[in-house]
Amino acid sequence: MSIDAKSKSFESVPGSSKPDAILVVDNVTRSFGGLVAVNVAHLEIPRNCITALIGPNGAGKTTFFNVLTGFDEPDSGDWEFNGSSLAGVSAYKVARRGMVRTFQLTKALSRMTIIDNMRLGARGQLGESAWRGILRPLWASQELENTKKAENLLERFNLGHMRDELAGSLSGGQRKLLEMARALMVEPEIVMLDEPMAGVNPVLKQSLFQHIKGLRDEGRTVLFVEHDMDMVREISDWIIVMAQGEVIAEGTFDNVGSNPVVVNAYLGSHHEVDIGGQS
Amino acid sequence: MNWGLIFSNSVYTAISANAIAYMLVATGLNVHFGYTGLLNFGQAGFAAIGAYSLSIPISRFDWPWPFAVLLVIVSAVALALMLGFATLRLRPDYLAVVTIAIAEIIRLCLNSVRFTWLTGGNDGLQGFTGFMEKLNPFPQQGIWLWKQKIDGYRLWLLVSGWVLLLIVATLVYLLMRSPWGRVLRSIREDEDAARSLGKNVFAYKLQSLMIGGVIGAIGGMWLVLDKQSSQPGDFATTFTFFAYTIIILGGVARVKGPIIGTVIFLFIIQFVDIALQQATKTTPTDPTPVLPTWLIDQNNYAQLRFMLAGFALAALVVFRPQGIFGDKREQAFDVH
Ligand SMILES: Nc1ncnc2c1ncn2[C@@H]1O[C@H](COP(=O)(O)OP(=O)(O)OP(=O)(O)O)[C@@H](O)[C@H]1O
Ligand SMILES: [Mg+2]
C-alpha cells in the first residue's frame, strides 16, 4: 500500500487508531500551576509516515514533545513506543531506544566544532568508555566511519564548508540544520523535529523536504512541529492539530484545513475578523 | 638587591614539588570545570583527602606506603561518589554550594580537637615521608639551581613529580581527545543536547568527578610530601581559588593550561614576594632600604605582594582573556 493510500485509510477524528502505530499516547497531562499545557486523552502516531503536529502558539506542542522524550515529567499518563512503555524512562534512554528529538530553541554545542557536534550523535561508540578512549586504535576506525557519515550529512545540509568551524559561529538557520543533521546521526527510528524549518531559506527548504521524505523511504518515522504551512502541506502524510493542550483534530491537509474546529482554534476570538479569505 | 637569588628562587618555586602539587590539583579541577563544566568549588577538599589518606595511615598506623597510596585513590573516588550522588541530579549551582561546604567540613574536622588523636589537629601530622626518603636515589647535599640550593629530598620529589605529572597530563590528553572527552565537552556546552543524543550525562559527570578528584588528591599528597607535614590550614578555600586562577591563566580546557598557569602564578607571587622583601630590608652596614619606608616597610610588604601579584594577574587576564594557551575563537562564544 502506498503511503498516500495508507494515510487516507486512517479515520479523521482526534485519537483515531492506526494499524501498527509506532507511538501510542494515553491520558498524558502536564500542567504548570493552574495552566493545563498538555491534556492528550489518546493519540496514535502512524509508523513510517511523516506526521505534522500543528497548533497555535502556546498550544502545548513543545511541552508534549518534552514529555514524550523524557525531558519533562507529566502529571499523569502513559505512552508506548514500539509497544513498550516510555513513562518514567530517562531522556538518554529514550534516545537510545530510537526516539530522537530536536529543540525549538536550538542547542548547538557552541565551543565544539561542527564535525564534533555531528560525531557526538553516532551510536555505540567504543571510545565513549574512558578505558577504551585512552587507546586510540580501539576506536580509530569506527571514528573514521562516523566522520564519513557525518560529512555526507553535512553536505546534504549545506554545512560541508563549515566542517571545522565552531558551532557557535553558525547563524540561527544553520543551527537548526546542524541540530537536525546531528539528530540523524543517531539513526533514529522516529525523529521528532520541533520547528525544523524556522529561519531556513526557501531553496534549502526544498532540498530538506526531499531529505525528510528520504527518511520515510528508508523506513523511518518523522513527527514534526511546524508553523510553516508550506512544509506541512508539502511533506506531511498526516496532520495532528493541538490547541490548549488537547488534540482537536486529525486528518490529511485538505481535511484539516476545512475543519471549522481548526479554523476556530487558530483564529480564536478573532474569527469574526475578515482575514482576506474567500468572503 | 640580589637579583640572581631573587630570580633563581622564583624559578625554583615555579617548578618545585610544591608547584607540581598545584599543577596536579589544577589539572583535576580542569577536568571538572574546564572540560565538563562542573562548578567544583571544593577541590581543596579532594587535596585534603589525598594528603591525610597518605599521612594518617603511615604516621598513625604504620601502613606500608603502597597501601596508603591506594587509600588516597579510594577515598578520592568515595568523596566524588558522595558529592555526585548528592548533587549531580540537581541544578548545576548546587554542586558549587555543596562542594564548597564539604571541603570546609573536611578541613574543620581535620582541625578539630576531637580528632587530634587521629589527624594531629592544628599541628598536623609529620613523619610520614620516610618511604620517600628511602626511595630517594639522589645524594643528600642536592644541587644548586644557580643561586638556589635544592636538597636531595626535594630534588627527588621534583624529578619524580614531573614524571608523575607527565603521566597524568598524558592520560588526561588521551582521554580528552577521545570520544569520551567529546561527551564531557558536550555536557559542558549543553547537557540536554547530550541527553537528546543518548548520552548518560549523570554517569559521565560522575566519572569526571572521580577522575578529577583522584588527580586532585594526588596533588594534595604531593603537597604534604614536599612540606613533610600535613596541616589543615593548607586546604582552605583559597587553595581552590588559586587553582581556578591557575587554569584561567593557563587556558581553560587545555592540558598544558594548569602547568603553564602554575608556573606563571607561582613565579609572579614569589618574585614579588622576595623582591619586596629585599627592597625593604635593612642591614647594619646598609641602614637605608631600597624602597622608602614611608611607602613600604618590612612589616607590610607581605600584604602588598598579593596586591601586586593580583595586578599582574589582572593585567594578564585583560590582555589575554583566553589564557596563555586558550583558544581565542572559543572565547567569543563563552556566553551562555
Ligand atoms: N516551564 C514552563 N513553565 C510554565 N509554563 C510553561 C512552561 N513551559 C510551557 N509553559 C506553558 O505551557 C503552554 C504551552 O507551551 P508550549 O511551549 O508547549 O507551546 P507550543 O505549542 O510549543 O507553542 P509555540 O508554537 O509558540 O512553540 C504555554 O502556555 C506556556 O506558557
Ligand atoms: Mg513550541
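Which residue has a side-chain N or O atom 2.8 Å from an oxygen atom of ligand 1? A:Gln104 does.

Some housekeeping. This is a predicted model, where local features need pLDDT of at least 70, side-chain atom pairs count only at pLDDT 80 or more, and totals for chains, interfaces and linings use all residues. Residues are numbered from 1 along each chain as its sequence is written, chains are lettered from A and ligands numbered from 1 in the order in which they are written, and side-chain values use heavy atoms, leaving out hydrogens and water.

Ligand 1, then. Take polar contacts: pairs of N or O atoms within 3.5 Å; within protein, one must be able to donate a hydrogen and the other to accept it, and residues adjacent in sequence count only if both atoms are side-chain atoms. A polar side-chain atom of A:Lys61 sits 2.7 Å from a ligand 1 oxygen. A:Ala59 uses its backbone: an N or O atom there is 3.1 Å from an oxygen of ligand 1. Ligand 1 alone exposes 630 Å², and the protein buries 61% of that (Shrake-Rupley, 1.4 Å probe; for residues, only the protein chains shown count as cover).

Now the shell. There are 13 residues around ligand 1, each with a heavy atom within 4 Å. A:Asn57, A:Lys61, A:Thr62, A:Thr63 and A:His227 come nearest. The shell splits into four nonpolar, seven polar and two charged residues. Nonpolar is Ala, Val, Leu, Ile, Met, Phe, Trp, Tyr, Cys and Pro; charged is Asp, Glu, Lys and Arg; the others, Gly among them, are polar. Helix α2(A) gives the most, three residues. Helices (H or I, at least four residues) and strands (E, at least two) are DSSP runs, numbered from the N terminus.

On to helix packing. Axes are lines fitted to C-alpha atoms, for helices over the stretch in contact, with angles from 0 to 180 degrees between N-to-C directions. Under 35 degrees is roughly parallel, over 145 roughly antiparallel, 65 to 115 roughly perpendicular, the rest oblique.

In chain A, the axes of α7 (172–185) and α8 (202–217) come within 13 Å and cross at roughly 15°. So α7(A) and α8(A) are roughly parallel.

In chain B, α1 (3–15) and α13 (257–279) have axes that come within 8 Å, crossing at roughly 150°. That makes α1(B) and α13(B) roughly antiparallel. Next, α13(B) packs on α14(B) (301–319) at about 140°, axes 9 Å apart. That pair is therefore oblique.
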